[in-house]
Amino acid sequence: MKRAVLLSALLLSQFGTSQLLTTSGQKIINDKGENIQLRGLGLGGWMLQEGYMLKTADFAGPQYKIKEKIAELIGEDGMNEFYKAYLANGITKQDIDFLAKAGFNSIRLPMHYNLYTLPIEKEPVKGQNTWLEEGFKMTDDLLQWCADNKIYLILDLHAAPGGQGNDVNISDHDKSKPSLWENEDNQKKTIALWKKLAQRYKDSPWIGGYDLINEPNINFTGKNPNGTDEMSNAPLWKLQKDITAAIREVDQKHIIFIEGNGWGNNYNGLIPIWDHNMAFSFHKYWNYNDDQTIKAALDLREKHNMPIWLGETGENSNVWFTELIQLLDKHNIGYAFWPMKKIDNIAGITNVKTTPAYEKLLDYWKNGGEKPTKEYAKKALMQIADHYKFSSVEIKNDVIDAMFRQVTDASTKPFKNHWVPGRVFATEYDLGRMGSAYLDKDFINLWVSDPAKRSEWNSGQQMRNDGVDLYKCNDKITNQYYVGKTESGEWLQYTIYSKGDKNYTADIRYAAANDSKIRIETESGKVLAGVSLPSTGGNENWKTIPVKNIPLKKGENKIRIVFENDGANLNYFEVK
């Protein structure tokens, strides 16, 4: 009862700055009638894990299998202790404060139903619902942090009771148990959960809406197992209509987001629109950023005079992020990028750092061999849980810059303030768009549009999310990374500052299996030096070559290193 009173006081206090969202024709507006473009981030990996986020995808994709692997090493109690720490550290007020400061105005919360209610097979009384405080408490706290920052929280049922599709990693579905679509009790539980959530949050203006079922992917009458060729989708529309009716019994205020089949994009067979305050959600990955790739969503908006929202996107390069947001801004479409945190992540705004001990566990799970002791495994796992704290993650400023500043600003910014004399690591090239801060020939993943253009963009998967290929460095002087896989015509720009008009010598630290050439020039293309780089006998056999009489002016200098042929790897250059 005390908790309910406190929650009511919180909700009432928020109305002092009410910005409740509703739909108006094709727009989402606040209670002042102002257009609101949701610029959001999905908290993927918190309430619901997918194997690729923990690097377990090769042997454990769905969360229940990850839990089995962990319990195998440290027991059920140890596994529960790990998850308690993982959930406590995964998202805190510090994380939400950071997202608001970065520029996001909304959060999408991917919910796992089992944090809110028991699975049907574990219910003490068949057909009844046991409610769990854990999920509701996590959501209450998150809502408070969002309200404190005046950003919206969109609730997303990411793992529905029984699982909503054949892509089991997404929904943590165990195929040995009845799915959402095969079992009426699972459907009833889904409806009851949404009614419970709506009852609890009906008066909060910082709830941005209810995203009913994430990425349904199921074949009702079609042949494709993920529903991409489904033409009727009748069970999907019926369930979302039934959920809406239950929500509207207790909450007439908040937007309801519906998703199509085939991972959110198949709206075939859509029945007449059943609610006046509703929006369509679509998802977009690994294709071109042009009007044609969002035409189906634009047509849906136009036909039904309803807003559209890109509820999930991401997992690509900085170039792709900037281009996508420019496209969405052009069409007044809100979005939520994915995900917030994962291990060894370059394509997100934060990176969770792995550890040698955790890598040893991964190796055992994947390849077998000597089983780690319970004590060793528990320590390794608790250390990883600790790495999910905001104070421990690595902030990816290059991704944030691409998502916000670079969308409207073509200028470059220093990655780091470099004063000479001094050492400049090759990986610390400027922040900015491709063609302004760097040029690389492999910079984006478009495999859905064109399978031949499947690419890792940064093939070394280290440090930054541009097209530049960065690798772990084993040189005796290093910032841990080097620039590699260079190709003729590619270049990198560095902003460096000189205290006077002087000529300098640059000692270039490089490795090359074959003879190579680079040139050093200004931003405007004036050549400052041509440099031959003789073979060092291997791609990681590092040598230093001096380049004399490089003129720099007092103050800011933007210089470029241009690769005249393939194969030179750069660690750093030291300006003397």
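In what follows, Ala, Val, Leu, Ile, Met, Phe, Trp, Tyr, Cys and Pro count as nonpolar, Asp, Glu, Lys and Arg as charged, and the others, Gly among them, as polar. The model is a predicted one.

On that scheme, the lining of the second largest pocket divides into 14 nonpolar, ten polar and ten charged residues. The pocket itself has a volume of about 910 Å³, and of the 34 residues that line it, the closest to its centre are Lys-67, Asn-114, Pro-119, Lys-122 and Asp-172. Helix H3, which covers residues 63–90, gives the most to this lining, with eleven residues.

Helix H3 also deserves a look for its own geometry. Although H3 has 28 residues, its end C-alpha atoms are only 15 Å apart, whereas a straight helix would reach 40 Å at 1.5 Å a residue. In H3 there is also a kink of about 120°, and this kink is centred on Ile-74.

Strand E3 (residues 39–42) pairs with two other strands. With strand E10 (residues 334–338) it pairs in the parallel sense over three bridges, and with strand E4 (residues 106–112) it is likewise joined by three bridges, the two running parallel.

The structure holds 26 aromatic pairs, one of which is formed by Tyr-116 and Phe-136 in an edge-to-face arrangement, with 5.0 Å centre to centre and 90° between the planes. This pair links distant parts of the chain, 20 residues apart, with Tyr-116 in the loop between E4 and helix H5 (133–149) and Phe-136 in helix H5.

The last topic is the backbone. Most residues other than glycine have a negative phi, and most peptide bonds are trans. Against that background, which residues are joined by cis peptide bonds, and what is omega in each case? The table gives two such bonds.

| Cis peptide bond | Omega |
|---|---|
| Trp-338 and Pro-339 | about -10° |
| Val-420 and Pro-421 | about 5° |

Pro-339 lies in the loop between E10 and strand E11 (350–351), while Pro-421 is found in the loop between strand E13 (418–420) and strand E14 (422–425). Asn-305, a residue other than glycine, has a positive phi, near 55°, and its place is in the loop between helix H10 (295–304) and strand E9 (308–314).

Terms used. Residues numbered from 1 in each chain as written. Predicted model: local features only at pLDDT ≥ 70, side-chain atom pairs only at ≥ 80, totals over all residues. Heavy atoms only, no water. 1 Å grid on protein atoms, 1.4 Å probe; cavity = no way out; pocket = protein on both sides within 12 Å on 5 of 7 lines; lining within 4 Å. Points joined across faces, edges and corners; volume = space filled by probe spheres on them. Helix = DSSP H or I, 4+ residues; strand = E, 2+ residues; numbered from the N terminus. Expected span 1.5 Å × (residues − 1). Bend = angle between axes of the 7 residues up to and from the residue. Pairing = 2+ DSSP bridges. Phe/Tyr/Trp six-rings, centres within 6.5 Å; stacked < 30°, edge-to-face > 60°.
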